Amino acid sequence: MTRSALPAAPPAERDAVAAGAVRIRMFASRLWRRVYARSSDAWRRSLQLRVGATTVVVASIVTIVIGVFLVDKVSGGLLRAKRDAAIDQAKIGLGIASDELQKTDAGVAQDLVNAEQNITERLSGSTAGTFRIVVLQRATSNPTPPLATSIPRGLRQVVQRNNLAVQYAQVPAPGVGDQQPQRLVNGLIVGEPIQVRSGQFELYYLFPLTAEQQTISLIQRTVLVAGIALVVLLLAIALLVTRQVVQPVRVAAQSAGRLAAGDLSQRITVRGTDDLARLGQSFNHMADSLQRQIRRLEDLSRLQRRFTSDVSHELRTPLTTIRMAAEFLHGSRTEFPPEMARAAELLRAELDRFEALLADLLEISRYDAGAARLESEPADIRGVVAATVDANRMLAERHGSELVVEVPDVPVTVDMDSRRVERILRNLVGNALDHGEGKPVVITVGYDADAVAITVRDHGVGLKPGQAGLVFNRFWRGDPSRSRLTGGTGLGLAISLEDARLHDGWLQAWGDGGRGAQFRLTLPRRAGHTLMHSPLPLDPDEVDEAYEVDDR
């Protein structure tokens, strides 16, 4: 009879099973990583969790060590006491057994049974507990009693050498007859030799350790329950104590966070005079001091802004008069001697710089006072770039620099205040021409669905490490000794940064000594949209690397 083989599973079914197994492994891996990450995060964040876990581990180890030690000592004591009582019982029963066996006919098996019964009756009520007796005769043809099978061979060999022997072994349970199936329990067997005129005998005492085993089990359960209760109690105490310490610290951390967010009225409720109460008092004193200092600085800043605004407005009237006189002198300079004509030209140039500084001061004071308003409307960014290039054309010719413009071929509409964006680009282009050392200045426009970016790149002196974050500070100069043809006011980039922020945009700088600098203006294409990225990189090396990848 031939046995047919089972058909193999189709390849599609095998692939489906394999794919299912892979998905299960991936799901288990992700689940494990998620659980591990959350557990690690909870462990790092929660002091109570760390203290509680440490308390449970340490308390469990100590409880296990002490419990094992106690159970071992108690168990050893009980078994040792049982062993001593059994040996004493064997010594006491030696005389009684000798007397009974003296009257026994060794050739009759029933006489041995009767002797066992008589010995058991005469030894009843002993302090060694319940036991059974087995009497064996050496060199006899009598059948071996059933209980004799419980006696180990090694124990009999020791007794046959006329020695008292003790051994732990399995013995029949109490209350089981000789003819019934034997149920073995842990026990203790004591054997001793007996020599009488009727022959040589071996007397064995079978002590079941059921009561001792029950006592040891009760002790083990008691120690286990007491250990678990102790660990739980220690955990509760540790959590309670930790909470008393951690809760004020959490309150202090929350209060510090609110204070850092600008809520200067935040204080901690202080109770008692302990260390944590002193921590709360110190925090409240610090908050009071910070509030006073911040208010003093706010008042000083408010006075400074008001002073700048008032002085700027007050200078308008005399400046108008001086401007009229300077224009008159400049228009009549051809009638003056050369020295006076040059002085009239210098007067007009410096007056232009002074007016620019005054206008910048007024503009920055509006930002400080929060009075700047954005007049946003959709416009093509290419038109703003073209206007900026036209406005700086003469300045580029004076520096000998070329203005290179890279703009898209399609309109790029942006919700913006064209006047402010053009002012930003004029400041950036003018700054690039001032520091470009006659090298080309590249203006690039990039865009996507959410944002538009304009970069202004020069190849001049560049920026030293750390200066990219300082160029937008008011009246900051990278090299104070460097002369500039246009003589800027030192507020252009600061105003440009405020204009960019007013559009919810970014104005960032990059520079490298000897390689030039690049400024990037990024604006959202829709008003109110939050910027998440910029279409153009800030570092021009990233652009070069991208071009190399495209070429490859």
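Student: What makes S6 and S8 a pair, and do they run parallel or antiparallel?

Tutor: Keep in mind that this is a predicted model. Pairing takes at least two bridges, and strand S6 (residues 403-406) is joined to S8 by 4 bridges. They count as a pair, therefore, and they run parallel.

Student: Why is S8 called largely enclosed?

Tutor: Buried means under 20% relative accessible area. In strand S8 (residues 441-447), 6 of the 7 residues are buried, so the rest of the structure largely encloses this strand.

Student: How do you know that S8 and S9 pair in the antiparallel sense?

Tutor: DSSP gives 6 bridges between S8 and strand S9 (residues 451-458), in the antiparallel sense. Gly-446, for instance, stands opposite Ala-453 in S9. The two strands form a hairpin, with 3 residues between them.

Student: What makes S6 and S10 the edges of the sheet?

Tutor: Follow the order, S6-S8-S9-S11-S10, in this open sheet of 5 strands with mixed pairing. S6 and S10 (506-512) each have a single partner strand, so one side of each is left without a neighbour in the sheet. On average, neighbouring strands here are turned by 15 degrees against each other, direction ignored.

Student: And how many bridges link S9 to S11?

Tutor: There are 8, and S9 and strand S11 (residues 516-524) pair in the antiparallel sense. Ile-454 has Leu-521 in S11 as its bridge partner. Helix H11 (residues 492-502) packs on the sheet, touching S10 and S11, and its direction makes about 135 degrees with that of S10.

Student: Which residues touch the most other members of the largest nonpolar core?

Tutor: Ile-381, Val-421, Phe-472, Phe-519 and Leu-521 do, out of 36 residues. Helix H10 (residues 418-435) gives the largest share, 7 residues. Beyond its neighbours within four places in sequence, Val-421 contacts Ile-381, Val-384, Met-416, His-503, Leu-521 and Leu-523. Another core, of 20 residues, lies apart and includes Ile-96 and Ala-115.

Note on methods: Residues are numbered from 1 along each chain as its sequence is written. This is a predicted model: local features need pLDDT of at least 70, side-chain atom pairs count only at pLDDT 80 or more; totals for chains, interfaces and linings use all residues. Side-chain values use heavy atoms; hydrogens and water are left out. A nonpolar core is a set of buried Ala, Val, Leu, Ile, Met, Phe, Trp, Tyr and Cys residues joined through side-chain atoms within 4.5 Å. Buried means under 20% relative accessible area, exposed over 50%, partly exposed in between (1.4 Å probe, protein chains only). Contact means heavy atoms within 4.5 Å. Axes are lines fitted to C-alpha atoms, for helices over the stretch in contact, and angles run from 0 to 180 degrees between N-to-C directions.
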